[in-house]
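Subject: Structure handover and findings

Hello,

Here is the structure for you to look over. My notes on it follow below.

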Amino acid sequence: MTNPGSPLVDSKHFINATPQSRNKTLASLFRRLGICEELGRGWDKIVSEIEMRHLPAPRIQVHEDDTRVILYAARPLSEMNSRDRIRAIYLHACFQYAGGKGITNTTVRKRFGMNRSNIAKVSRMLTEALTAGEIVPVDPDSSRKFMQYYPYWVHADESL
């Protein structure tokens, strides 16, 4: 998908950003005509479907004149590279945070459609995302078994 112009909000915050419109009058007209919703829930719906179907996270490319979102077909986790996994975990953290929750080893396993025997693999993936700075622990002193994470931009002292 390509959209002219750069986004009005940081692309890392698409799922949690307050909706903004370049042309409120046109957006209102389109809403009344049933062409669009004007509420800014499109990205949330896309992410919800991606999560539910265990699809790779989309890649967002912001250029000077346009913004491109690349959606991917189903692909096994074994074929995803580190950037793909980190992007998926970050998006999962944003999605969970929007719903008032943090992510855990269990939620990440469910997100990728993995069984319980993959706990160690998911722990490595979480460490990868943590090292990349995309997620932060809710409580750094929590035991690894009960560790929860938020997207990097959530303040550690903020509670849900």
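H54 sits in the loop between α2 and β2. Helices here are DSSP runs of H or I with at least four residues, strands are E runs of at least two, and both are numbered from the N terminus. H54 is not a glycine, yet its phi is positive, at about 60°. Most residues other than glycine have a negative phi. H54 counts as partly exposed, at 33% relative accessibility. The scale used throughout is this: buried is under 20% relative accessible area, exposed is over 50%, and partly exposed is in between (1.4 Å probe, protein chains only).

Before the rest, two points on the source. This is a predicted model, in which local features need pLDDT of at least 70 and side-chain atom pairs count only at pLDDT 80 or more, while totals for chains, interfaces and linings use all residues. Residues are numbered from 1 along each chain as its sequence is written, and side-chain values use heavy atoms, with hydrogens and water left out.

The sheet

Three strands make an open sheet, in the order β1-β3-β2, with antiparallel pairing. Two strands pair if DSSP finds at least two bridges between them. Strands of a sheet pair through backbone hydrogen bonds, either parallel or antiparallel. Which strands stand at the edges? They are β1 (2–4) and β2 (59–62); each has a single partner strand, so one side of each lacks a neighbour in the sheet. On average, neighbouring strands are turned by 15° against each other, direction ignored.

Strand β3 covers residues 66–70 and is joined to β1 by three bridges. Between β2 and β3 there are four bridges, again in the antiparallel sense. A hairpin of three residues connects β2 to β3.

Salt bridges

How many salt bridges are there? The count comes to seven, taking a side-chain nitrogen of Lys or Arg within 4 Å of a carboxyl oxygen of Asp or Glu.

- D66 and R68 meet through their side chains at 3.2 Å, N to O. D66 is buried, with a relative accessible area of 13%. R68 is partly exposed, at 35%.
- E49 and R53 form a salt bridge at 2.8 Å, N to O. E49 is partly exposed at 34%, and R53 is exposed at 52%.
- E51 and R111 form a salt bridge at 3.6 Å, N to O. E51 belongs to helix α2 (residues 42–52) and R111 to helix α4 (residues 105–112), so the pair ties together parts that are 60 residues apart in sequence. E51 is buried, with a relative accessible area of 9%. R111 is buried too, at 2% relative accessibility.
- R75, D84 and R87 are linked in a network of salt bridges.

Around A88

A88 is placed in helix α3. Is A88 buried or exposed? A88 is buried, with a relative accessible area of 0%. Which residues does A88 touch, leaving aside its neighbours within four places in sequence? They are E51, A57, R111 and F112, where contact means heavy atoms within 4.5 Å. E51 and R111 are the salt-bridge pair described above. A88 also lies 9.3 Å from A129, C-alpha to C-alpha, and the two are 41 residues apart in sequence.

Helices α3 and α5

Helix α3 (residues 82–98) packs on helix α5 (residues 119–131) at an angle of about 85°, with the axes 9 Å apart. α3 is therefore roughly perpendicular to α5. On the angle scale, under 35 degrees is roughly parallel, over 145 roughly antiparallel, 65 to 115 roughly perpendicular and the rest oblique. Axes are lines fitted to C-alpha atoms, for helices over the stretch in contact, and angles run from 0 to 180 degrees between N-to-C directions.

On the α3 side, the contact uses S82, R85, I86 and I89; on the α5 side, M125, L126, E128 and A129. The residues of this contact divide into five nonpolar, one polar and two charged. Nonpolar covers Ala, Val, Leu, Ile, Met, Phe, Trp, Tyr, Cys and Pro; charged covers Asp, Glu, Lys and Arg; the others, Gly among them, are polar.

Best wishes
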